[in-house]
Amino acid sequence: MNDLITMDDLTNEEIIKLLDDAKKMLPAAKGDVYLPLLQGKVLANMFFENSTRTRMSFETAMKRLGGRVLNFTSAGSSVAKGETLYDTMQMIDGYSDVAVIRHPRQGAAQYSADAVKIPILNAGDGAGNHPTQTLLDLFTIREEHNDFENLNIMLVGDLRYGRTAHSLSHALARFNVNLTLVSPEALKMPKEIVDDLLSLGCNVIETDELNENIKHSDVIYMTRIQKERFPDEDEYAKVSGIYKISESNLVGSKENMIIMHPLPRVSEIHPSVDSTKYARYFQQAFNGIPTRMALLCKSLGIDIEKEVS
Ligand code: CP
């Protein structure tokens, strides 16, 4: 199957191969070499919700591999005239070879995949999943720590609505990490996800305390409290800005601890952290290019191992 809707669509072996392939893509991702593996192919970037990194890194990945990109946003399209998602996807099926879709409705990526023949890559479906983000997150962690086994990984912030945290926790649990889930009560990881993590044999601690866990962590994964997901503005106001890291919080951290964030950040990470050795969030965003190159090649049937020595 060439769709990627949740991380369950990939075996552990496929995940590791994608990360290995992404490593091989680094020179092309930086533009140091031109590798036209996707020449003649067209990617449809279907964004029904805002994006900077996901949309642009998919576009860069496709173009650096010689492919072309159709950029779609709901504003300015015939969605504004009432066209349905089903009909819109029928058009894309004829216009492109692979589509990336971001949509505010959970389940929209699977619905789209069921509606068309071309591969569909889920770039975020409401509070559901964001598996292509997970691939670049895993790549970033592996670049620093080489392996995932027994790492202490802390996920912080909006774990209720945070699709990056949902997809990443699922994947990490399959690679035997220890997870500390830090959130206020109102934004706890959904119980069914925690149950899944436990059934995968993952050590899971749920807490609302950030600072006392920093010194034990190998990875701190901050997330934004997402105003747009709250049904009630007063509920958002109660938890807005609840977790913040600045340089002074990091005294006593492990030498090779890294701080990640899917971005955009609001106030979770103070700019004083940017120049510390712990900051990885900008590198993490760049890593979207090689990992998405590897994923596009896989979805379009190109074996990077055979094409790149
Ligand atoms: N990490 C992420 O999904 O960023 P964008 O919303 O800018 O795509």
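Start by selecting Met62, which is found in helix α3. Helices here are DSSP runs of H or I with at least four residues, strands are E runs of at least two, and both are numbered from the N terminus. Before you click further: this is a predicted model, where local features need pLDDT of at least 70 and side-chain atom pairs count only at pLDDT 80 or more, while totals for chains, interfaces and linings use all residues. Residues are numbered from 1 along each chain as its sequence is written, and side-chain values use heavy atoms, with hydrogens and water left out.

**Stop 1: around Met62**

Is Met62 buried or exposed? Its relative accessible area is 0%, so Met62 is buried. For these labels, buried is under 20% relative accessible area, exposed is over 50%, and partly exposed is in between, using a 1.4 Å probe and protein chains only. Now show what Met62 is in contact with (heavy atoms within 4.5 Å). Leaving aside neighbours within four places in sequence, the contacts of Met62 are Leu38, Lys41, Val42, Leu43, Gly67, Arg68, Val69 and Leu296. Pick Val42 from that set: Val42 and Met62 are 20 residues apart in sequence, yet 8.2 Å apart in space from C-alpha to C-alpha.

**Stop 2: the sheet under α3**

Next, select residues 53–64, which make up helix α3; this helix lies across β1, β2, β3 and β4 and runs at about 175 degrees to β1. Angles run from 0 to 180 degrees between N-to-C directions, with axes fitted to C-alpha atoms, for helices over the stretch in contact. Colour the four strands and you'll see an open sheet in the order β2-β1-β3-β4, with parallel pairing. Strands pair if DSSP finds at least two bridges between them. β2 (68–73) and β4 (120–125) stand at the edges with a single partner strand each, so one side of each has no neighbour in the sheet. On average, neighbouring strands of this sheet are turned by 15 degrees against each other, direction ignored.

Zoom in on β1 (residues 42–47) and β3 (residues 98–103), which pair in the parallel sense over five bridges.

**Stop 3: the ligand**

Surrounding the ligand are Ser51, Thr52, Arg53, Thr54, Arg102, His130, Gln133, Pro262 and Leu263.

- Ser51: a side-chain N or O atom is 2.6 Å from an oxygen atom of the ligand.
- Arg53: a side-chain N or O atom is 2.9 Å from an oxygen atom of the ligand.
- Pro262: a backbone N or O atom lies 2.8 Å from a nitrogen atom of the ligand.

The protein covers 91% of the 260 Å² of accessible area that the ligand has on its own, computed by the Shrake-Rupley method with a 1.4 Å probe.

**Stop 4: the other sheet**

Finally, colour the five strands of the open sheet ordered β7-β6-β5-β8-β9, where the pairing is parallel. β7 (203–207) and β9 (258–260) are the edge strands, each pairing on one side only. Within it, five bridges join β5 (residues 152–156) to β6 (residues 178–182), and Leu155 stands opposite Leu181 in β6. Helix α7 (residues 163–173) lies across β5, β6 and β8 (219–222), at about 165 degrees to β5.

Note on methods: Near = heavy atom within 4 Å. Polar contact = N/O pair within 3.5 Å; in protein donor to acceptor, adjacent residues only side chain to side chain.
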